[in-house]
Amino acid sequence: VCPILEAHKVDLVISGHNHLQEILEKDGVVYAVSGGMGGALDSAEEVVSPYTKWHKEKSFGFVDFTSDGQNIVLNYKDVNGNTYYSYEIDCK
């Protein structure tokens, strides 16, 4: 799937299969994993990627994103809505 996303210049893919919070970046595509919303949490050692920019394991939470048409801001939040990590994507 990655070559298709890269060819079509996709900026952001949001998924939640892995049970941890993570940001990966590969060839211009940012992959935001928001998998800490329930169930058993994964350990980062189980899934290691050379494209990982940030990860948080063993913590429940979610990702909120906003866009002004030029940038996308990902705010990873804990269960109380407190932001513990932000990541900005330049979409110009």
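Tutor: Let's start with a rule: rings of Phe, Tyr and Trp (its six-membered ring) pair if their centres lie within 6.5 Å, and planes under 30 degrees apart count as stacked, over 60 as edge-to-face and the rest as tilted. In this structure, W54, Y76, Y84 and Y85 form one aromatic cluster. The model is predicted, so local features need pLDDT of at least 70 and side-chain atom pairs pLDDT 80 or more, while totals for chains, interfaces and linings use all residues. Residues are numbered from 1 along each chain as its sequence is written, and side-chain values use heavy atoms, without hydrogens and water.

Student: How many aromatic pairs are found in the whole structure?

Tutor: The search finds 3. In one of them, W54 and Y76 lie 4.8 Å centre to centre with 55° between the planes, which makes the pair tilted. W54 is in strand 4 and Y76 in strand 6, 22 residues apart.

Student: Why is the pair of W54 and Y84 called tilted?

Tutor: The ring centres of W54 and Y84 are 6.2 Å apart and the planes stand at 40°, so this pair is tilted. W54 belongs to strand 4 and Y84 to strand 7 (residues 83-90), so the pair ties together parts 30 residues apart in sequence.

Student: What makes W54 count as buried?

Tutor: Its relative accessibility is 14%, and buried means under 20% relative accessible area, exposed over 50%, partly exposed in between (1.4 Å probe, protein chains only). Y76 is buried too. Y84, with a relative accessible area of 26%, is therefore partly exposed.

Student: Which lysine lies over the face of Y84?

Tutor: K56 does, at 4.9 Å from the ring centre. Such a charge sits over a ring if NZ of Lys or CZ of Arg is within 6 Å of the ring centre and within 35 degrees of the ring normal. The charged end of K26 likewise sits over the ring of Y51, 5.8 Å from its centre.

Student: How do you know that strand 5 and strand 6 pair?

Tutor: Strand 5 (residues 61-67) and strand 6 (residues 71-78) share 7 antiparallel bridges, and two strands pair if DSSP finds at least two bridges between them. T66 stands opposite V73 in strand 6. These strands form a hairpin with 3 residues between them, and G69 in the turn has a positive phi of about 90°.

Student: In what order do the strands of the open sheet come?

Tutor: The 4 strands come in the order 1-3-2-4, with mixed pairing. The edge strands, strand 1 (12-15) and strand 4 (52-56), each pair on one side only. Strand 1 runs parallel to strand 3 (residues 29-34), joined by 4 bridges, and L12 has V30 as its bridge partner in strand 3.

Technical notes: Helices (H or I, at least four residues) and strands (E, at least two) are DSSP runs, numbered from the N terminus.
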